[in-house]
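Please look over the sequence and the structure shown below before reading on.

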Amino acid sequence: METAEPAPASSRLLKTLIVILLVILLAWPVTFGIVWGLNQAYTAIDPTRFPFSDSTIQGILQKTKADAPEPEKGIALSRAMTARLEAELDSPFGWSVNDLWVSPTHWLDNRGNRQKGVIFATRMLATFFATHLAKYGQVDAENEFLKAAREKHFAFTEESWWLPSSESEYQKGLELIRKYDAALAQGKAVFNMRSDDLYNLFTFILSNQFLDQPMGLLVQATESVPYTELDDRIYYTQGVILVLRDFMGTLVELYPVIRSKGGDENIKIAFHEMERICTFDPLLVLRGRHDSVMADHRGKMASYLISIRERLNDAAQSIRR
């Protein structure tokens with residue numbers, strides 16, 4: 001009885017290579033499917049996209065209209081200024097920036113960097129609000145509640161876990177803002193939005209103190225930014241714009257002169273670009289270089305922010321005239 005001859009070595013090698021190739025080809029879609037599924041499950045618990053239509057600002061604008069008294073507008077703007085910070089503190093995983101490294105939430109760096117952007121923008125707007133809008137003139141004393149909130153509590157580091165924790169300090173700052181709101185409603189505090197304050201507010205937002213800060217993180221040369229920092233910079237910028245969009249969305253509705261003098265089209269485009277940033281959440285952040293076929297997500301975010309700055313600047317110059 002004759003025995004079968006063993007397959008040639010070249011044939012076995014070819015079969016092995018085919019199997020390896022099939023495994024590689026199947027591994028990518030399977031891995032992608034697993035990552036996509038995990039991402040969908042996570043976002044069902046903790047949202048990562050924030051359309052303006054879902055924000056608490058809609059409720060604020062239903063209660064306060066453009067013809068409301070100035071104190072009511074002041075309360076609406078102070079709430080809009082702090083709405084995103086409140087949302088982050090009350091989110092399913094809370095303030096995760098300061099979580100210990102043994103905690104799973106510590107490794108959710110996208111939300112952590114978003115929260116860093118949120119507290120930065122809140123600090124900036126609280127500073128302008130307290131030193132320009134909550135007094136009749138520059139020489140007037142600053143409101144004690146706003147001063148304590150911005151200097152003692154919002155200025156606190158975002159990474160302190162205990163004694164005191166960052167979230168406890170920010171909650172104290174929010175409580176002081178609400179005390180200012182109550183005093184404003186009782187006629188015991190000041191809110192004074194003058195015509196030049198609108199222009200000064202736009203100028204402040206466009207300055208190197210505010211929007212230039214995240215802009216610098218986005219336009220730095222690709223070669224000098226580690227791959228692991230790309231998503232950090234994108235989500236930090238998102239946090240900044242989340243706060244700005246809430247505040248500016250309220251401001252524009254309460255002061256229609258911004259649209260009439262600043263140009264309705266400029267405002268529409270600026271908010272459209274803000275919406276893009278606030279709903280930006282790629283499954284994987286890529287760093288396409290030069291003419292690479294891969295997406296450059298940091299560059300996309302930078303283009304949105306540049307457009308926002310240009311449109312707000314155009315509106316500011318029109319308001320000034």
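The points that follow are grouped by topic.

This is a predicted model, in which local features need pLDDT of at least 70 and side-chain atom pairs count only at pLDDT 80 or more, while totals for chains, interfaces and linings use all residues. Residues are numbered from 1 along each chain as its sequence is written, and side-chain values use heavy atoms, with hydrogens and water left out.

- Thr131 lies in helix 4, residues 109-133, where helices are DSSP runs of H or I with at least four residues, numbered from the N terminus.
- With a relative accessible area of 17%, Thr131 is buried, a term that means under 20% relative accessible area, whereas exposed means over 50% and partly exposed lies in between, using a 1.4 Å probe and protein chains only.
- A polar atom of the Thr131 side chain lies 2.6 Å from the backbone oxygen of Thr127.
- Not counting residues up to four places away in sequence, Thr131 touches Gln138, Glu142 and Arg150, contact being heavy atoms within 4.5 Å.
- Ser165, placed in the loop between helix 5 (144-153) and helix 6 (166-185), is buried, with a relative accessible area of 15%.
- Leaving aside neighbours within four places in sequence, Ser165 is in contact with Asn98, Phe156 and Ser160.

- In helix 8, which covers residues 212-219, Pro214, Met215 and Leu218 are buried.
- They cover an arc of only 105° around the axis, and therefore sit on the same side of helix 8; the arc is that of the directions from the helix axis to the C-beta atoms.
- The buried residues of helix 8 pack against helix 4, helix 9 (230-254) and helix 12 (297-320).

**A residue of helix 12**

- Glu310 is found in helix 12 and, at 44% relative accessibility, counts as partly exposed.
- Although Glu310 and Ala270 are 40 residues apart along the chain, their C-alpha atoms are separated by 8.4 Å.

**The second largest pocket**

- About 290 Å³ of space lies in the second largest pocket, and its lining of 17 residues includes Phe50, Asp54, Ser55, Arg84 and Ala87, which lie nearest its centre.
- A pocket is an open set of points on a 1 Å grid over the protein atoms alone, where a 1.4 Å probe fits, with protein on both sides within 12 Å along at least five of seven lines, and lining residues have an atom within 4 Å of a point.
- Helix 3 (70-89) and helix 9 are the elements that give two or more residues to the lining of the second largest pocket.

Terms used: A polar contact is a pair of N or O atoms within 3.5 Å; within protein, one must be able to donate a hydrogen and the other to accept it, and residues adjacent in sequence count only if both atoms are side-chain atoms. Grid points are joined across faces, edges and corners, and a volume is the space filled by probe spheres set on the points.
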